[in-house]
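Keep the structure open beside you and try each task before you read its solution.

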Amino acid sequence: MSVKHKNIVLVLYLLLLSSCTVFQTPNLPEIIEWQSMSESTHRQIQQKCEQNYFQGHYQFVHSIVFERTNGLSTTVIGVTVIDGETLKTGLLGVEGFVLFEAVLTKEKELVVNRALPPFDNSEFAEGLMRDVQILFRAPPDDNLFIGHLVDGTPVCRYFQQEGQITDIIVHEDGSSRVNVYDPSYEHIRTIITGSRIVVNEEMIPETIEFEAYGLRGYTLNMTLISVDKM
Amino acid sequence: MKSLLTVLLLCAFVLMTQAQVRAQAQAQVQKNSISVESVQAYFTQEKQLPILARPIISKGRFVFKAPGSLRWEYFSPIRTVLLMDDGHISKFIKRDGKFIEEHGMGVDSMRIILSEITGWLDGDITDTPTFRVQSRDDGFIILTPRDATLAKIISRIELKLLDQSGLMESVTIYEGPGSLTRMMFSATVLNEKGRKIPQESFKKP
């Protein structure tokens with residue numbers, strides 16, 4: 001193959017790659033306003049979206065398979081404690097060794113109590129806590145729009161102060177899909193929760209699939225080990 | 001991971017060298033005072049952390065076969081097998097009904113630790129360059145890391161001996177304030193008679 005042809009193949013390959021990236025991170029989908037929606041239906045949909053999250057005091061323990069885009073994967077134990085407005089998180093090796101432990105106070109101060117390499121940098125700590133918040137904290141409902149997708153699926157769209165947009169779709173069986181967009185409408189996170197199971201009289205999603213897009217994208221496949229309401 | 005393996009292998013070592021440890025507790029260090037062919041035990045592991053309202057409980061079993069084969073296995077909450085055989089270390093996690101080898105964090109570190117462990121297996125526990133050993137009258141043996149880097153990960157380890165047999169009752173690893181891992185051993189078998197541990201136990205599950 002000549003150098004010229006090699007270059008053309010390279011350009012085509014790069015174009016293909018970039019087109020794939022576009023498909024993987026679709027832009028903000030259109031949400032259509034309901035033509036006529038009663039207040040009770042509106043409230044019902046909002047409640048369903050809010051029930052995707054937990055309020056009060058809970059301790060979750062998950063098995064987490066962390067998979068990077070290069071195919072490498074690692075299994076850890078994830079601990080999440082929702083303590084009112086305080087969020088605590090820990091990552092443990094499967095043998096129980098603490099790799100990372102941090103607390104996000106109600107004043108939004110991040111306190112890292114323990115961080116072993118390669119988790120001992122502030123970028124990781126902030127990113128992890130941001131993801132934990134996306135997973136376990138309902139977005140503020142100050143600017144909420146409820147509508148439906150083109151196919152009629154109801155959606156709660158939360159516009160956050162910093163420009164982030166969160167779409168929540170809750171299905172009849174309790175499973176849900178959460179799409180998070182950055183201020184430029186780039187799709188940055190997807191969370192898919194499986195159908196809910198009864199644990200200690202609570203309806204808890206047994207599985208959570210968390211996908212982060214971008215150059216350093218990754219997937220977290222979380223399986224519930226235990227949950228305690230405190 | 002690196003440090004954990006150190007600890008796990010240390011536990012196996014301590015269980016294996018019961019006579020040596022007892023001698024240590026009595027400040028009468030003896031070298032290779034018992035011929036150990038194998039040790040097996042079940043364990044219950046309790047993880048305590050300041051953020052945890054309830055501890056995380058894990059259950060498992062380990063098998064050691066002289067001179068250097070180890071199978072450290074967790075049955076719950078995550079099915080995992082850590083294998084050491086003929087200088088090769090591997091870790092397998094059960095996913096969707098199959099054991100999958102993980103090449104994640106720390107696997108390479110295991111090789112480094114292994115060479116250190118080999119030294120322990122051949123010698124006296126007091127001579128370890130990794131831990132400073134102290135014995136207490138109440139049957140506890142305290143291991144304190146010599147290295148400052150390791151000390152950031154493990155502040156100390158407490159080994160509790162069974163009164164009569166000299167075998168281990170528990171191992172407690174202190175990681176930091178309020179954070180500890182306690183392993184309690186049961187059904188320990190030393191040099192099981194009439195049954196040879198197959199070498200396949202230390203191969204890919």
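Two residues are in contact if their C-beta atoms, placed from the backbone, lie within 7 Å. Keep in mind throughout that this is a predicted model.

**Exercise 1. Find the contacts of Val76(A), leaving aside its neighbours within four places in sequence.**

Solution. 
- Step 1: Apply the 7 Å cut-off to C-beta atoms.
- Step 2: Set aside the neighbours within four places in sequence, and Val76(A) is in contact with Ile64(A), Phe66(A), Leu91(A), Leu92(A), Gly93(A), Val94(A) and Leu99(A).
- Step 3: Now look at the largest nonpolar core, which has 71 residues. Val76(A) is among the residues that touch the most other members, together with Ile77(A), Leu92(A), Leu99(A), Cys156(A) and Phe62(B).

**Exercise 2. Decide why Tyr58(A) counts as partly exposed, and describe its surroundings.**

Solution. 
- Step 1: Locate Tyr58(A) in strand 1 of chain A.
- Step 2: Count its C-beta neighbours inside 10 Å; there are 19. A residue is buried at 20 or more and exposed at 12 or fewer, so Tyr58(A), with 19, counts as partly exposed.
- Step 3: List what Tyr58(A) touches, not counting residues up to four places away in sequence: Ile82(A), Val227(A), Asp228(A), Lys229(A) and Met230(A).
- Step 4: Compare sequence and space for one of these partners. Tyr58(A) and Asp228(A) are 170 residues apart in sequence, yet their C-alpha atoms are 5.6 Å apart.

**Exercise 3. Trace how strands 2, 3 and 4 of chain B are joined and paired.**

Solution. 
- Step 1: Begin with strand 2 (residues 56-65) and strand 3 (residues 69-76) of chain B, which pair in the antiparallel sense over 7 bridges. A hairpin joins these two strands through 3 residues.
- Step 2: Check the pairs across them: Lys65(B) stands opposite Ser69(B), and Val63(B) has Arg71(B) as its bridge partner.
- Step 3: Go on to strand 4 (residues 80-85) of chain B, which pairs with strand 3 in the antiparallel sense over 5 bridges. Here too a hairpin of 3 residues makes the link.
- Step 4: Follow Arg71(B) across to strand 4, where its bridge partner is Leu83(B).

**Exercise 4. Describe the side of chain A that touches chain B.**

Solution. 
- Step 1: Count the residues: 27 of chain A are in contact with 28 of chain B.
- Step 2: Ask which element gives the largest share; strand 2 of chain A does, with 6 residues.
- Step 3: Sort the residues on the chain A side by type, which gives 14 nonpolar, 8 polar and 5 charged.

**Exercise 5. Judge where chain B calls for caution.**

Solution. 
- Step 1: Take the mean pLDDT of chain B, which is 74, with 69% of its residues at 70 or more.
- Step 2: The pLDDT is below 50 over residues 1-5 of chain B, and it stays under 50 over residues 13-33 of chain B.
- Step 3: Draw the lesson: where pLDDT is low, the predicted coordinates should not be read in detail.
- Step 4: For the complex, the predictor gives an ipTM of 0.78 and a pTM of 0.82.

Technical notes
Residues are numbered from 1 along each chain as its sequence is written. Chains are lettered from A and ligands numbered from 1 in the order in which they are written. This is a predicted model: local features need pLDDT of at least 70, side-chain atom pairs count only at pLDDT 80 or more; totals for chains, interfaces and linings use all residues. Two strands pair if DSSP finds at least two bridges between them. Helices (H or I, at least four residues) and strands (E, at least two) are DSSP runs, numbered from the N terminus. Ala, Val, Leu, Ile, Met, Phe, Trp, Tyr, Cys and Pro count as nonpolar, Asp, Glu, Lys and Arg as charged, and the others, Gly among them, as polar. A nonpolar core is a set of buried Ala, Val, Leu, Ile, Met, Phe, Trp, Tyr and Cys residues joined through C-beta atoms within 7 Å. pLDDT is the predictor's confidence in each residue, from 0 to 100.
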